[in-house]
Amino acid sequence: MAAAAEPGTQALPGSGAPRLGSPAHSPVPGTGGRARPASGPERTGRTTGPAVPGHSFRKVTLTKPTFCHLCSDFIWGLAGFLCDVCNFMAHEKCLKQVKTPCTSIAPSLVRVPVAHCFGPLGLYKRKFCVVCRKGLEAPALRCEVCELHVHPDCVPFACSDCRQCHQDGHQDHDTYHHHWREGNLPSGARCEVCRKTCGSSDVLAGVHCEWCGVQAHSVCSTALAPECTFGRLRSMVLPPACVRLLSRNFSKMHCFRIPETLTLELGDGDDGLDGSAATGTGREVLTVAESSKQILKIFDGNDSMRKNQFRLVTVSRLARNEEVMEAALRAYYVSDDPSDFELQAGDTPVLEKAATNEEEASKGSGPRDSVPEAWVIRSLPRSQEVLKIYPGWLKVGVAYVSIRVTPQSTAQAVIREVLPLLGRQAENLESFQLVEVLMGSRQVQRTVLADEELLLDRLRDIRQISVRQVSQTRFYVAESRAMAPRVSLFVGGLPPGLSPQDYSNLLHEAMATKAAVVSVSHVYSLQGAVVLDVTCFAEAERLYMLARDTAVHGRPLTALVLPDVLHTKLPPDCCPLLVFVNPKSGGLKGRDLLCSFRKLLNPHQVFELTNGGPLPGFHLFSQVPCFRVLVCGGDGTVGWVLAALEETRHCLACPEPSVAILPLGTGNDLGRVLRWGAGYSGEDPFSVLVSVDEADAVLMDRWTILLDAHETGSAENNVDVEPPKIVQMSNYCGIGIDAELSLDFHQAREEEPDKFTSRFHNKGVYVRVGLQKISHSRSLHKEIRLQVEQQEVELPSIEGLIFINIPSWGSGADLWGSDSDSRFEKPRMDDGLLEVVGVTGVVHMGQVQGGLRSGIRIAQGSYFRVTLLKATPVQVDGEPWVQAPGHMIISATAPKAVPTTQLCSYCLLWSGARKYPGNPDCQLQCHPSPLTLHPCLGTGPHAEEGQAEAQEGWSHQGYPSGHLACS
């Protein structure tokens, strides 16, 4: 074998100024051939122009308003230059500056192949497909991790150039370059270099980095430094170099915990697909069929024939064989020499007939003398071929080397020839292997070739399967080191309260786990969840798929693949943000926020709460020394996350993370108090993250409620005795009429969840259930008893009793009121005291909502005991239920046998010291250091004892803590 003309002397990608589409950077793919409408530009002949990256420009006559894809300016006159393959349109003066590669060569320019995660079909207005450069007028697909938009039939031709969000043992980098993506910028986007407008709503133009967000013209981007600093959000982003995930058998959807959806494949549907030289389908096809042209079905190999996935190519009935072959290759973005291929009649009796009039042409040469159903592109036998071999390690002086392979060239012989060209001639040949990498847009597959594998035969087999697949296949020389497989598998939904051995036995019984390769590394007994360490990829995949279809004691299991955070490699100024999103809260805006946050941050740090809850996120960040939390949801969602934080605090290296709120619920009282607003209404997610980063810190009390139904003693109530349970409270606790309204609303939402898609509708349901209860009376003061600081308190005639911790109730109402009262201290959310207020009914609640009245002030204290004589509706932070007769004890800590040392619990709030607009007298106190233990000092009779207890053994008491935030 002899080295080809370019033997290992190519410049290392990334050296010098960065070039769009170079292997040192993610390419900005040119695009491929969807059908061009008949009213489009007319070709006037090929023009020999300057060398551009893979394009085949032709001068065309413009018949409609057209814009340049490079400068986005209008093309004046009747002439423009169009790439026959990717539809790139440009001025003649712009041809010399084109840096965007054509789709035909874009896969060869990808630096590190990373598959995309395509979500469900959706309508994306004023967006363009990065493959065919056409507008997305019909339902299309987008990647959930990067800003790639494509038509469904363009997916197979998209580059595997998604963001590299973790290390997987293959070409792991410690420094990251800009990850450029072309087009789909805001219309007002400005170039970072020239400060001129670089966005366009007319064409696919301009580029932006998908890590730091910097925007520029494709030409100007070469003037920027290649290294990416992650931009304004760099302190909040979990760096990809600090995340490790060995995911050989898992798709990207599994790795990022994205629900899998069914999407259209190439060729789905009855009409097949458009070809690069076709005029379109449907009505336009019939017009062409009546003219001097005809439409052919083209397959690119056995795989497309088996799946009935074809491209339609329109050619003249007088076209020569070479012209037909060239058009067929362009349809599949193959840039090889057409003389190396031939068209064979496809034996496809199951194919449906094309919607064209494919009558035999009376004149012309080539295969149309007897038009068959379809044609298949076949590669002619080759006696030798030039093959690019890429190094599988970093810091190499070349991007790749090109060698010539013959029928006798084996994988071992290729390695022997390549190593000296890569500067590894002194290495042992046995310590290297040849790896074949198939760079699909949905999945990147790696196959280790046997030493005796014949490379020329391998290439022939690939072309037999798919001619296009050859351009998506690479060969790497890599060190044959034994990669120790290790996968962390989170399994939830198990019975709580078991020992590690019990969980291991239970999983073995349910899923037949193999003890030799599966072990329980972490146990979260209170939540009924475990983390499994699996040292076999095949077993990890089997357990993951099996767990999703398995139920234990009637409860379905949840399985998630979790990466490892390399906390020792985190930069000193890095405080990553852990994001929790509840897509079911309030107006159902969580789905869009999930996608936005995955793109702005590392998708590994964004968790969907309906898929395993908050526990997987806290486990992933358990070793991170300093992190913050953003909760996107209603008040109930915030309470859910804080409860999980309190239960896992002893396992966290950062036991007191700051917690910010993005209110998505209906009431959002906590969000109002912390100045995050009444509810999310579509603000820019980037601005939300900046506000979180700039927020200050305040303290807020957290309260523990013990529900003990053991002392019912009344058989006539016919209520089953319930075991004691503990719940946490941040905002308020209601007993009586307000809890009854919340319960009716909750039941209505459970029955018809699809109707509760807007905040306005939800409040309308509250009004409706309130009107139904307007004449309801149960004389709550006769059914309960209240003790405050162990003193009996006589209740007035009321229908509802409410304990409030924040100056906002029922969507912003001030229940306590702003009038001064010498009997009580001025309320604060961090004073260690709760305020007790009564309401007389639905009318009174409506008056409070309208600001006409306030509630009936009853008491203020730090320890409460409520005795329920009957089953009564109760709600805590918007989560309602019917509580059986018994006792409710509300305190700052878990109740003790002799409650003589009650201490106010606290929750550090990440917020600014501002006055609450609904209550001018309410001042949120800002403490100097949110990461320092500052127990709230209550004013009750046991405050001194509580302070002493906190100073002696705070870390052993399990007190709730955390941070919240506001802007």
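This is a predicted model: local features need pLDDT of at least 70, side-chain atom pairs count only at pLDDT 80 or more; totals for chains, interfaces and linings use all residues.

Colleague: What makes it a link between distant parts of the chain?

Modeller: F157 is in the loop between β6 (149–150) and β7 (180–182), while Y332 is in the loop between α4 (321–331) and β13 (341–345), 175 residues apart.

Colleague: Why does F157 count as buried?

Modeller: Its relative accessibility is 3%, and buried means under 20%, so F157 qualifies. Y332 is buried too, with a relative accessible area of 3%.

Colleague: How do you know that W211 and F230 are edge-to-face?

Modeller: The angle between the W211 and F230 planes is 85°, against a cut-off of over 60. The centres lie 5.3 Å apart.

Colleague: What does that pair tie together?

Modeller: W211 sits in the loop between β8 (207–209) and β9 (215–216), and F230 in the loop between β9 and β10 (243–244), so parts 19 residues apart in sequence are tied together. W211 is buried at 5% relative accessibility, and F230 is buried at 15%.

Colleague: What makes you say K297 lies over the face of F310?

Modeller: K297 is 4.7 Å from the ring centre of F310, and the distance limit is within 6 Å. Likewise, the charged end of R382 sits over the ring of F341, 5.4 Å from its centre.

Conventions: Residues are numbered from 1 along each chain as its sequence is written. Side-chain values use heavy atoms; hydrogens and water are left out. Helices (H or I, at least four residues) and strands (E, at least two) are DSSP runs, numbered from the N terminus. Buried means under 20% relative accessible area, exposed over 50%, partly exposed in between (1.4 Å probe, protein chains only). Rings of Phe, Tyr and Trp (its six-membered ring) pair if their centres lie within 6.5 Å; planes under 30 degrees apart count as stacked, over 60 as edge-to-face and the rest as tilted. A charge sits over a ring if NZ of Lys or CZ of Arg is within 6 Å of the ring centre and within 35 degrees of the ring normal.
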